[in-house]
Amino acid sequence: MKTILVAVDLTDMDETVIRYAHFLRKHLNLTAVNFVHNIRTYDIDEAIKDLLGKKDIKTIIQKNLRTKISRLFKEDNTYTLDILQHENTEYSLKNLAEQNNINTIVLGFKPKDSGTAAMSQKLIRIFKGDVILVPTAAPLRWNRILVPTDLSATFQLIIRKLQLLKGLEPKPEIRILKSFSIPSLFFPFIDIDDNQAIDQTYKHINKQYADIKKKYALNDEYTFVARYQEDQSVVDIIQKESKNFNADLIMMTAKGSNKIATIFIGSTINELINTNPFQVIYILK
């Protein structure tokens, strides 16, 4: 990650994503930050057009955003700002990122009642790179990173990314999380009680991680925990573990072990996007 694309939308969330982009530039030693806003012309009310008269809305928006951005990005050469005019914002962001060889897009992570979840889901589906979702109260640090995973083949993506973060100062503490459930329909056919089944599953999962740790030569700086879901969802477990661990960032892949077409994203990511934001989520593709 040398450059990032940061979507701004002229809402209060702009202050959050600009502040977080500034943090990323310093913390990850980025070479450039590319801000972008897409004007969907059909969203502009006719009354507004009449008020503007001959004034160019693109110029007005650009001035507004430069004012916001320059409060933290003091020098013009530390960022770029593109104002686009397309009907589809998701494809605008995707195409601009690909044209400039940018593999990470940063978006504001808004409450589910704001109606932005659909845009995030669509962008994650169509963009081949990574997406970082930033909530309003995002901490400006990467000291503790929680990594929910099903330990499937996609875990390799996370391992590669974590290797790239080894040089960060301070060195982040990494906790790898595997949640699991045992469908109750199996119990009538298994000659053990619930507690035995859970204990045996814990042992199996810990051996699974031990094998992965050996395969990829992971050292002891990564801690691993397995959590039984009981009547909770995977997202419930992630939220609880994030709070207990005091995580600054949640890093996970867009899909788990299900071998489905790349146009789909995992059910856990879908559910996370549709919850009220509680943490920064870094989604790897």
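A residue counts as buried when its relative accessible area is under 20%. By this criterion, D14 is buried in the predicted model, its relative accessible area being 1%. K68 has a relative accessibility of 14% and is likewise classed as buried. The side chains of these two residues, K68 and D14, meet in a salt bridge with an N to O distance of 3.1 Å. Because K68 belongs to helix α3 (residues 57-69) and D14 to helix α1 (residues 13-27), the contact ties together parts that are 54 residues apart in sequence.

The structure holds twelve salt bridges, among them a pair formed by K161 and D130, whose closest N and O atoms are 3.1 Å apart. This pair links distant parts of the chain, with K161 in helix α6 (residues 155-164) and D130 in strand β5 (residues 130-134), 31 residues apart. Both K161 and D130 are buried.

A further salt bridge is formed between R144 and E173, with 3.7 Å between the closest N and O atoms. Here the distant parts of the chain that are linked are two strands: R144 is in β6 (residues 144-148) and E173 is in β7 (residues 173-180), 29 residues apart. R144 is partly exposed, at a relative accessible area of 31%. For E173, the relative accessible area is 31%, and this residue is also partly exposed.

Definitions and conventions. Residues are numbered from 1 along each chain as its sequence is written. This is a predicted model: local features need pLDDT of at least 70, side-chain atom pairs count only at pLDDT 80 or more; totals for chains, interfaces and linings use all residues. Side-chain values use heavy atoms; hydrogens and water are left out. A salt bridge is a side-chain nitrogen of Lys or Arg within 4 Å of a carboxyl oxygen of Asp or Glu. Helices (H or I, at least four residues) and strands (E, at least two) are DSSP runs, numbered from the N terminus. Buried means under 20% relative accessible area, exposed over 50%, partly exposed in between (1.4 Å probe, protein chains only).
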